Amino acid sequence: MRVEFSWEPEPADRRDALRAVAPAVRFAPAFSLSLVIVAAVLLVAGNTQAALLSLVAAGAVAVGVPWQARLFYRDAMSANQRVRATADEFALRMHGTGLPDEVAWSSLQGWQETEHGIVLRIGARAHGPVYAVPHRAFALPSDEHMFRELLIRRVGPTG
């Protein structure tokens, strides 16, 4: 069984992958907004120092959490670069500037599916590279199904 697929990475693919592997990224904007609301209440109550501290915390969460996730889960895919990939029983091969030529199934730490695509976690480290393979990468739904079957058989169930 051999599957071929290709896509041009978009920033939305990267955001989707980060939300999948680092759930704090998904909740950071809501938590930051909550801190801004707390700051407004504290300001109305006359506690200016606590309000300022809350605003600083809101900024740290809004900027720091996504930034840290980007540092931890790096990839080498750049936008507007066509990625061509093939997968078979032996390995996943990705062709593009700065991408690993061949990824053995044993080096995949895990994978999960999102509403936008399939997120692959590579490497033995806890925070290894993350690659998003969007649904649009597959020419036919059967190709995506075969890729998913390969992942289940060679890496294990999603999660």
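Two exercises on a predicted model follow, each with a worked solution.

Residues are numbered from 1 along each chain as its sequence is written. In this predicted model, local features need pLDDT of at least 70, side-chain atom pairs count only at pLDDT 80 or more, totals for chains, interfaces and linings use all residues, and side-chain values use heavy atoms, without hydrogens and water.

**Exercise 1.** Work out in what order the three strands of the open sheet lie, and which are the edge strands.

*Solution.* 
1. Take strands as DSSP runs of E, at least two residues, numbered from the N terminus; helices are runs of H or I, at least four.
2. Call two strands paired if DSSP finds at least two bridges between them.
3. Five bridges join S5 to S6 (residues 117-122), and the two run antiparallel. In this pair, leucine 108 stands opposite isoleucine 122.
4. The order is S5-S6-S7, with antiparallel pairing. S5 (108-113) and S7 (130-134) are the edge strands, each pairing on one side only.

**Exercise 2.** Classify the packing of H1 against H2 by angle and by residue type.

*Solution.* 
1. H1 (residues 11-21) and H2 (residues 23-44) pack at about 100°, with axes 4 Å apart.
2. Roughly perpendicular covers 65 to 115 degrees. H1 and H2 are therefore roughly perpendicular.
3. Count contacts as heavy atoms within 4.5 Å. Leu18, Arg19 and Val21 of H1 meet Pro23, Val25 and Arg26 of H2.
4. The contact residues divide into four nonpolar, no polar and two charged. Here Ala, Val, Leu, Ile, Met, Phe, Trp, Tyr, Cys and Pro count as nonpolar, Asp, Glu, Lys and Arg as charged, the others, Gly among them, as polar.

Key: Axes are lines fitted to C-alpha atoms, for helices over the stretch in contact, and angles run from 0 to 180 degrees between N-to-C directions. Angles under 35 degrees count as roughly parallel, over 145 as roughly antiparallel, 65 to 115 as roughly perpendicular and the rest as oblique.
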